[in-house]
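Thanks for coming. I will go through one protein chain today, a few places at a time. Please have a look at it first.

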Amino acid sequence: MKKIFIIIATFAISFPAIAQQHLTTGEYWFDSNYNSRTILGVTPSAGFLFNSGIDCNTLGTGLHIINLRFRQTGGQWSNTVSQLFLKTPQAFSNSIAACEYWLDNNYSGRMSQAVTPSATLNLQTAIDFAGISTGVHVFNIRFRQSNGAWSSVSSQIFTKVSPETGSDSQITLCEYWLDDSYETKVSQPVSPTGNYTLISGIDFSAVAEGNHEFNIRFKQSNGAWSSVISQIFVKIPLEIDNNTLVSYEYWLDNDYNSRITQAIAPASTFFFASEIDLSSVSAGIHSFNMRFRQSNNTWTGAVSQMFLMQPVTEGSNLIVAYEYWFNEHFDQRTPVSIAPGNIYTAISNPNIDNSDRFLNIFHARFRDANNSYTYVDEYFYSIDLSLTLLLENLHEDGFMRKAQNEAGDNFPGTIADTVTVQIREGTAPYKVLLNFHGVELNTDGSCQLQQHGNNFVNLPDDNNTTFYMVIKHRNSVETWSQAVPIVPESSYNFTDSETKAYGNNLKPTNGVYLIYGGDVNQDGVVDTADITPVDNDSGNYLSGYLVSDVNGDGIVDTGDMTIVDNNAATYVGTVIP
């Protein structure tokens, strides 16, 4: 009989901090069926990676939850970690007989491979990527059963980077940071190597509870940086309290107004296993969101799970074409013919050159052989933004010095330093829409943002007309612009008037206006908490590209202390709406 397997990889389990505790056992169960839990034998250790095939043969098709928890030597159990997953129908008498895979939308260039019939298949084969361009691509694969039926397509996004040869391909440095706080990144030198695994204790003690993003990138010996790799994680409270769960609510996508709320009997844990009506949900990718209210009337963070709603098709009704357009310009739509097929993975490089807006609605519709259309809509941004700003920390005669490390210039060419530019909505609660990390700031104060895409931090509201641009730097005061319209080609100069910053929060100096420096710990105010790390590092004669090196000369000394002390004395800090 054919078995269905799922893979559980790296659950994040949290315990109260108790010294010398080890994991001794674990247990998992499906949905709310705790009485049928499976006990896991664990060799006592401080950590445990659960990566195992689990028999889901007895589960019905549809949406399920797997729950997992571990017990320590002191008898205390961790919080339960739960994960939604979808079990699809399987033909029990069939085996896998073949597979085919392709890149991006090039289904006509697919590679087909016959396999020895079996209930499961582990595909391990070298795939030739030599002929594809550098950048983001999609790898797609599906499997054919012995009855001729094909599985759904599994797709995985990956990035092909420029090939490097010789010693230039060696990794020499990595840096990582949390959320949008690129300014507080931790840099770690690496003995030159072609591969590097980061195994390091990372201090999360100062991180607030809730959802966060861990970001990391690597630098090669030729000075080139890798793409940023990001991973979402959740920090949960370590303290034990007497609060119980009393209700929950869930909703789809961003439609919070249509949420379903349900009171429950007070309990310290709750297993959600309920049928959800998706009959009115359109085909395409959606998000299921859920959160719980405790007896102290506080809500947990929302847990979100992406899922795909597939259209119901019968017979040989194939997709034969698609067309797309932006905003209300249906008359300017771009038609595209494709090879008929049951699937189509993505639309590549949509032409948005003629857009007159920063925020756009991207529309696409797919036509099948019966001349029926399936519609998809989502937000899409296009920005070509020229910014001018000067940092007090590096300022000298209307320009900026180049930030130094222990060996000299930290950046090549005319780059003085890097900043993070954040785009926020112009009305409360001023949601973050976009983050642009590592924006190169030239010595003349110029920097350029030229991007388009749909990688929003939060989806924008429909009534946006103005936006805030927020400048963040590793040891400067976070500074907000005024709320202004943004069009695809925009410019904004922080240096020609103090009114260009919200609350006039700029420092006038010899006819130009500077972004205040000295917020070393990035808490939004320059005070004694910023003086302390500078004083400590100065006393230890530290040098390099450090946040405590406020004036960027590569050495922590009294020159850095002067900037912090002066701004602390005048109560300089972030001014926000």
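Is Arg142 buried or exposed? Arg142 is buried, because its relative accessible area is 8%, and buried means under 20%, exposed over 50%, with partly exposed in between (1.4 Å probe, protein chains only). Arg142 sits in strand β9, residues 135-145. Its side chain makes a polar contact with the side chain of Glu100, at 2.6 Å. By polar contact I mean a pair of N or O atoms within 3.5 Å; within protein, one must be able to donate a hydrogen and the other to accept it, and residues adjacent in sequence count only if both atoms are side-chain atoms.

Before going on, some ground rules. What you see is a predicted model, in which local features need pLDDT of at least 70 and side-chain atom pairs count only at pLDDT 80 or more, while totals for chains, interfaces and linings use all residues. Residues are numbered from 1 along each chain as its sequence is written, and side-chain values use heavy atoms, with hydrogens and water left out.

Now the whole chain. It has 2 helices and 34 strands; these are DSSP runs numbered from the N terminus, H or I of at least four residues for helices and E of at least two for strands. Of the 577 residues, 39% are buried. Taking contacts between residues at least 6 apart in sequence, 59% join residues at least 24 apart, where contact means heavy atoms within 4.5 Å. The chain exposes about 31200 Å², and carbon and sulfur atoms supply 50% of that; the areas come from the Shrake-Rupley method with a 1.4 Å probe, and for residues only the protein chains shown count as cover.

Next, the helices. Helix α1 covers residues 528-539 and helix α2 covers residues 558-569; their axes come within 10 Å and cross at roughly 170°. Axes here are lines fitted to C-alpha atoms, for helices over the stretch in contact, and angles run from 0 to 180 degrees between N-to-C directions. So α1 and α2 are roughly antiparallel to each other, the word used for angles over 145 degrees. On the α1 side the contact is made by Asp530, Ile531, Val534 and Asp535, and on the α2 side by Asp560, Met561, Val564 and Asp565. These residues divide into 4 nonpolar, no polar and 4 charged.

Which residues does Val526 touch, leaving out those up to four places away in sequence? They include Val477, Val564, Asn567 and Val572. Val526 is in the loop between β34 and α1 and is buried, at a relative accessible area of 1%. Val526 and Asn567 are 41 residues apart along the chain, with their C-alpha atoms separated by 6.3 Å.

Leu546, in the loop between α1 and α2, is partly exposed at 26%. Leaving out residues up to four places away in sequence, Leu546 touches Arg474, Asn475 and Val556.

Last, some backbone details. Most residues other than glycine have a negative phi, and most peptide bonds are trans. Ala428 and Pro429 are joined by a cis peptide bond, with omega about 10°, and Pro429 lies in the loop between β27 and β28. Asn510, not a glycine, has a positive phi of about 50° and counts as exposed at 77% relative accessibility. Tyr571, in the segment after α2, has a positive phi of about 60° and is exposed at 74%.

Note on methods
Parallel < 35°, antiparallel > 145°, perpendicular 65-115°, else oblique. Nonpolar A, V, L, I, M, F, W, Y, C, P; charged D, E, K, R; others polar.
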